Amino acid sequence: MGVSCLKNQQKCRKAKPALLTVIGSIVGAGDTGFNRNSLNSLIPCLVDFLSRVDWAARKAAVEALGRLAALEKVHLIAFKSSCLASLENKRFDKVKLVRESMNQTLEL
C-alpha cells in the first residue's frame, strides 16, 4: 500500500465522525423531513457505527440516533427494538463519553 493511499485512509477515518456529527446536527435542527425510505438507509448505518473502533464515530452515531429518537418517534417505531438492542449491548463502552451518550439515548 502506498503512502498516499494510507494518507487517504487516515483522512476518511477522521471524516466519519465529523460527517455523523453533521447528520446529528441536521436532525437536531428539527423538521428533518425524513421519510421512511431515508430512515431505512440511515438507521442501519448509524447502528453499524456503534460497533466501530473509532470512539468518536460511536459517540457521533449514538448522538444522531438520540436526536432522531427525540424528533421522529412516530417514524422510528419499526426500528425501536433493533436500536435498543444495539444500544444495550454497547452501553458499557470503554470510553466514558460514549458510555454517557449511550445511557442518555437509552433514557429517551
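This is a predicted model: local features need pLDDT of at least 70, side-chain atom pairs count only at pLDDT 80 or more; totals for chains, interfaces and linings use all residues.
The protein chain has an average pLDDT of 78, and 78% of its residues score at least 70. Among the elements, helix α5, covering residues 96-106, has the highest mean pLDDT, 91, while helix α1, covering residues 3-28, has the lowest, 61. Over residues 1-9 the pLDDT stays under 50, and for this stretch the model has two contacts beyond four places in sequence. A reader setting up a calculation may like to keep that stretch of residues 1-9, with pLDDT under 50, in view.

Turning to the fold, the secondary structure of the protein chain consists of five helices and zero strands. Along the sequence this gives the pattern α-α-α-α-α. Of the contacts between residues at least 6 apart in sequence, 67% join residues that are at least 24 apart. The chain has 108 residues, and 31% of them are buried.

The largest nonpolar core contains 22 residues, and the members that touch the most other members are L20, I43, L46, L50, L65 and L68. Helices α2 (36-49), α3 (55-71), α4 (80-90) and α5 each supply at least two residues of this core. Helix α3 gives the largest share, with seven residues.

Beyond its neighbours within four places in sequence, T105 is in contact with V62, L65, G66 and L87. One of these partners, L65, is also among the core residues that touch the most other members.

Charged side chains make up the next part of the picture. Five salt bridges are found in a search of the whole structure, and three of them are described here. In the pair formed by R52 and D48, the closest N and O atoms are 2.5 Å apart. Both partners are partly exposed: R52 has a relative accessibility of 31%, and D48 has a relative accessible area of 38%.

The side chains of E63 and K59 meet in another salt bridge, with an N to O distance of 2.4 Å. These two residues are separated by about one helical turn because they stand four residues apart in helix α3. E63 is partly exposed, at 26% relative accessible area.

R91 and E88 also join their side chains in a salt bridge, here with 3.8 Å from N to O. R91 counts as partly exposed at 28% relative accessibility, and E88 is likewise partly exposed, with a relative accessible area of 39%.

Conventions:
Residues are numbered from 1 along each chain as its sequence is written. Side-chain values use heavy atoms; hydrogens and water are left out. pLDDT is the predictor's confidence in each residue, from 0 to 100. Contact means heavy atoms within 4.5 Å. A nonpolar core is a set of buried Ala, Val, Leu, Ile, Met, Phe, Trp, Tyr and Cys residues joined through side-chain atoms within 4.5 Å. Buried means under 20% relative accessible area, exposed over 50%, partly exposed in between (1.4 Å probe, protein chains only). A salt bridge is a side-chain nitrogen of Lys or Arg within 4 Å of a carboxyl oxygen of Asp or Glu.
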